[in-house]
Amino acid sequence: MTTPLGPTRILIADDQKDVRDGFRLILGSQPDMTVVGEAADGLAAVDLARTLRPDLVLADIRMPGVDGLEVTRRLAGPGVSEPMRVLVVTTFDHDDHVRTALRDGACGFLLKRSGPGLLIEGVRAAMAGDVLISPQITVRLLRNLAPAAAPPAPPPPSPLTAREREIARLVAEGLTNAEIGEKLFITAGTAKTHIANMQAKLKVRNRVGIAAWSWENNPADRAPRG
């Protein structure tokens with residue numbers, strides 16, 4: 001997998017036309033992205049991906065023919081001679097789906113309800129070689145991995161300010177920069193700057209790391225969301 005010189009070429013695979021149209025509108029609005037094809041079922045997605053050789057495939061899980069997990073395995077899984085980047089974007093967030101997708105080479109797992117901001121960030125993260133998972137999923141996976149009988153350790157002094165801790169909680173809820181700005185009466189740019197500073201302080205690479213920190217350090221965030 002190589003980094004493209006021009007805009008990221010994207011193939012959208014989803015059996016719902018309104019979803020494909022929405023994704024095309026969101027991604028097409030970005031100067032560094034272009035949609036080069038659409039597929040309404042899994043088999044067509046695999047064939048079209050092998051023909052067009054896009055830089056990234058957005059794949060839903062539930063599709064006719066073969067599902068998005070099988071699409072991921074065929075395009076990015078172990079043994080694929082020329083693997084492609086596949087970003088799973090779905091309504092279904094079952095833990096086994098997440099593990100299967102990542103095991104078979106997915107470069108991210110996003111929920112459709114996470115909004116356009118995280119979709120764009122997920123594409124850019126994938127192209128940068130990072131793996132982005134919707135914060136809601138990461139928080140739940142971390143909660144499930146936590147030992148039930150382990151006594152809670154006293155939290156270390158927080159490296160974040162009170163405002164940054166507040167933003168971290170909102171990131172853990174899956175809010176975009178614009179939504180955080182609206183909730184806290186700041187601009188989206190200010191929210192973005194706070195988040196960049198938080199990533200540096202916490203030594204994490206993206207919003208998922210901030211969400212994980214928030215779950216570990218804010219007991220109120222441990223309750224399931226939505």
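Biologist: At 12% relative accessibility, does Thr176 count as buried or exposed?
Modeller: This is a predicted model, and the areas are computed from its atoms. A residue is called buried when its relative accessible area is under 20% and exposed when it is over 50%. Because Thr176 has a relative accessibility of 12%, the class that applies to Thr176 is buried.

Biologist: Where in the chain does Thr176 lie, and with which residues is Thr176 in contact once its neighbours within four places in sequence are left aside?
Modeller: Thr176 has its place in the loop that runs between helix 7 (162-172) and helix 8 (177-184). With the neighbours within four places in sequence set aside, the residues in contact with Thr176 are Ser114, Gly117, Leu118 and Arg207.

Biologist: How many helices and strands does the protein chain have, and in what order do the strands of the open sheet stand?
Modeller: The protein chain holds 10 helices and six strands.

Biologist: Across which strands does helix 2 lie, and at about what angle does helix 2 run to strand 2?
Modeller: Helix 2, residues 42-52, lies across strand 1 (8-13), strand 2 and strand 3 (56-59). Relative to strand 2, the direction of helix 2 is at about 135°.

Biologist: Which residue meets the side chain of Lys112 in a salt bridge of 3.5 Å, and which residues make up the network of salt bridges that includes Lys112?
Modeller: The side chain of Lys112 meets that of Asp60, at 3.5 Å from N to O. This pair links distant parts of the chain, 52 residues apart, with Lys112 in the loop between strand 5 and helix 5 (116-127) and Asp60 in the loop between strand 3 and helix 3 (68-76). Lys112 is partly exposed at 22% relative accessible area, whereas Asp60 is buried at 4%. The network of salt bridges links Asp14, Asp60 and Lys112.

Biologist: Which parts of the chain are linked by the salt bridge between Glu164 and Lys201?
Modeller: The side chains of Glu164 and Lys201 meet at 2.8 Å, N to O. Glu164 is buried, with a relative accessible area of 5%, while Lys201 counts as partly exposed at 36% relative accessibility. The two residues stand 37 residues apart, and the parts that they link are helix 7 and helix 9 (residues 188-202).

Biologist: What percentage of the 226 residues counts as buried, and what share of the accessible surface belongs to carbon and sulfur atoms?
Modeller: Of the 226 residues in the protein chain, 47% count as buried. The accessible surface comes to about 11100 Å², and the share that belongs to carbon and sulfur atoms is 56%.

Terms used:
Residues numbered from 1 in each chain as written. Predicted model: local features only at pLDDT ≥ 70, side-chain atom pairs only at ≥ 80, totals over all residues. Heavy atoms only, no water. Contact = heavy atoms within 4.5 Å. Axes fitted to C-alpha atoms, helices over the stretch in contact; angles between N-to-C directions. Buried < 20%, exposed > 50% of the residue type's maximum accessible area, 1.4 Å probe, protein only. Salt bridge = Lys/Arg side-chain N within 4 Å of Asp/Glu carboxyl O. Areas by Shrake-Rupley, 256 points an atom, 1.4 Å probe, with all protein chains shown as cover.
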